[in-house]
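Hi,

Here is the structure I promised to pass on to you. Have a look at it first, and my notes follow below.

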Amino acid sequence: MPDYNRRRFMQTLSMSAAASLGGGFACSKRSAKRSNIIVIFCDDLGYGDLSVFGHPTIHTPNLDRMAQEGQKWTHFYAGASVCTPSRAALLTGRLPIRSGMCSDERRVLFPDSRSGLPQSEVTIAEALKPAGYHTACIGKWHLGHLPPFLPTKHGFDTYFGIPYSNDMDLIAGKPYYETCVKPRSELFQVPLMRDEEVIEKGPDQTKLTKRYTEEAIAFIKNNKKNPFFLYLAHNMPHVPLFRSKNFTNHSLRGRYGDVIEELDWSVGQILLTLRKEKLADNTLVVFTSDNGPWLWFNQHGGSAGSFRNGKGTTFEGGMREPTIFWYPGRIAPRLVQDMGSTMDLLPTFCALAGAKTPENKVLDGHDLSPVLFGNASSPRRTMYYYRGRQLYAVRHGRYKAHYITQDCYGGPHPQLHHDPPLLYDLGEDPGEKFNIAADHAKILDEIETIRKNHLENLVPGEDQLTKRSIPR
Ligand code: MG
């Protein structure tokens, strides 16, 4: 057995032994203080882009260590395959079709959008506030940049960041693709905001990851005496790719690798701060991404590893994310091959914080506490894959049925309807290569019943993404 696996095996064994000796490891060090919670959310990071998830030329020692000390989840999903709906799903614990934060016409919000996450939605920050949490959003928001929709109107005490994607507000006349792959910050006149004020236009994006990290560290230090929730949503590695001087020509993987290695540095700084401030044994940190790699950008996009396709699609490469949970002393280190989703974070955090989940809302998330803090199986058995407002695929257990498939980016791609659906065994065939529908009628029937029930009970929210400030 290789050293790394042996160490993991021994750690898991000792945790299991501890669990069987009186109440479990998780409880033995339980602090009376409420847990702090940090979500580190990357933008367009592929499943295969970290060394701990198998990348051969991107070096991520801090994330590798985080995974070794925590739980590495290999079946963890974003709620959608593009930015805006995915972020809505994470923060509300609901499929974006319920909040209206998805559309067949415009897949994300743009600088001319006049809507955003409806006030009727309850975010993680709003759910945690009554339990005494201080809350901060740092980085990319992308749930509405106009005053009624900003983070400060959705339960966050403070906000610092760019309220949408870093490739927007391109100055007139510049070709989009070419400018993204030969980027200069001043060509993207995106706003950088503090709370509700724009403090810079076209900020130097080479300093973005570093500035977000410094803001995060300051927030942690300023809030060490009270419970806090920090949502750190990096703009990177979404194109245009920028990294600081210290990380230029840092990685064998080139510019994209430099960006990931700087994000890894950032994670290291945050975990180091938690250790130095003696908060590590009282803080849950989750690392994941909003959607898969933007393959259209070739070397400027990431890798989905073994998975098929990437951002924008309902294949695994679009929504399966490299995910790590870290909570020294509370989470037993292990590899988790059960299903989880960013939508599960809201109920999980509420359980951890002793906060109430939103009332009168249909939640699509499950409380993952029994998996994180014990040895239980995940309560999530099913995953729904929406593209815009249409349900394209359903996974139940190890099987996934595609009713519709469609490629993405770089030209028009037709919707392909499948009857019978394509069926893949994601255990044996994680790359979705071998359609086994012909031999598995019973499984298809079972998934079809789940799909029908879901659609019959669904109340879709009004589309918020097609509302423009200047109607066409
Ligand atoms: Mg994204």
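Arginine 106 counts as buried, because its relative accessibility is 10% and buried means under 20% relative accessible area, with exposed over 50% and partly exposed in between (1.4 Å probe, protein chains only). You will find arginine 106 in the loop between α5 (96-99) and α6 (124-128); helices (H or I, at least four residues) and strands (E, at least two) are DSSP runs, numbered from the N terminus. Its side chain makes a polar contact with the side chain of aspartate 112, at 2.9 Å. By polar contact I mean a pair of N or O atoms within 3.5 Å; within protein, one must be able to donate a hydrogen and the other to accept it, and residues adjacent in sequence count only if both atoms are side-chain atoms. Leaving out residues up to four places away in sequence, arginine 106 touches Asp112, Ser113, Leu465, Thr466 and Arg468, where contact means heavy atoms within 4.5 Å.

Before you read on, please note that this is a predicted model, in which local features need pLDDT of at least 70 and side-chain atom pairs count only at pLDDT 80 or more, while totals for chains, interfaces and linings use all residues. Residues are numbered from 1 along each chain as its sequence is written, and side-chain values use heavy atoms, with hydrogens and water left out.

Now to the metal. Which residues coordinate the magnesium ion? They are Asp43 (OD), Asp44 (OD), Cys83 (SG), Asp290 (OD) and Asn291 (OD1), at 2.1 to 2.5 Å. Along the chain, these donors follow the spacing D-D-x38-C-x206-D-N. Aspartate 43 lies in the loop between β1 (36-42) and α3 (61-69), and aspartate 290 in the loop between β8 (283-289) and α10 (316-319), so the pair ties together parts that are 247 residues apart in sequence. Aspartate 43 counts as buried, at 0% relative accessibility, and aspartate 290 is buried at 0% as well. Donors here are N, O and S atoms within 2.8 Å of the metal (3.2 Å for Na, K and Ca); water is not among the atoms, so sites may look incomplete.

Next, a helix pair. The axes of α3 and helix α9 (residues 254-276) come within 7 Å and cross at roughly 50°. That makes α3 oblique to α9, as angles under 35 degrees count as roughly parallel, over 145 as roughly antiparallel, 65 to 115 as roughly perpendicular and the rest as oblique. The axes are lines fitted to C-alpha atoms, for helices over the stretch in contact, and angles run from 0 to 180 degrees between N-to-C directions. From α3, the contact uses Pro61, Asn62, Leu63, Arg65, Met66 and Glu69, and from α9 Asp264, Trp265, Val267, Gly268, Leu271 and Arg275.

Helix α11 (residues 345-353) is mostly covered, with 8 of its 9 residues buried. Glycine 354 follows α11 and has a positive phi, near 70°.

Finally, some backbone details. Methionine 236 and proline 237 are joined by a cis peptide bond, with omega about 0°; proline 237 is in the loop between β7 (228-233) and α9. Another cis peptide bond joins aspartate 419 and proline 420, with omega about 5°, and proline 420 is in strand β14 (residues 416-425). Asparagine 309 is not a glycine, yet has a positive phi of about 60°.

Best wishes
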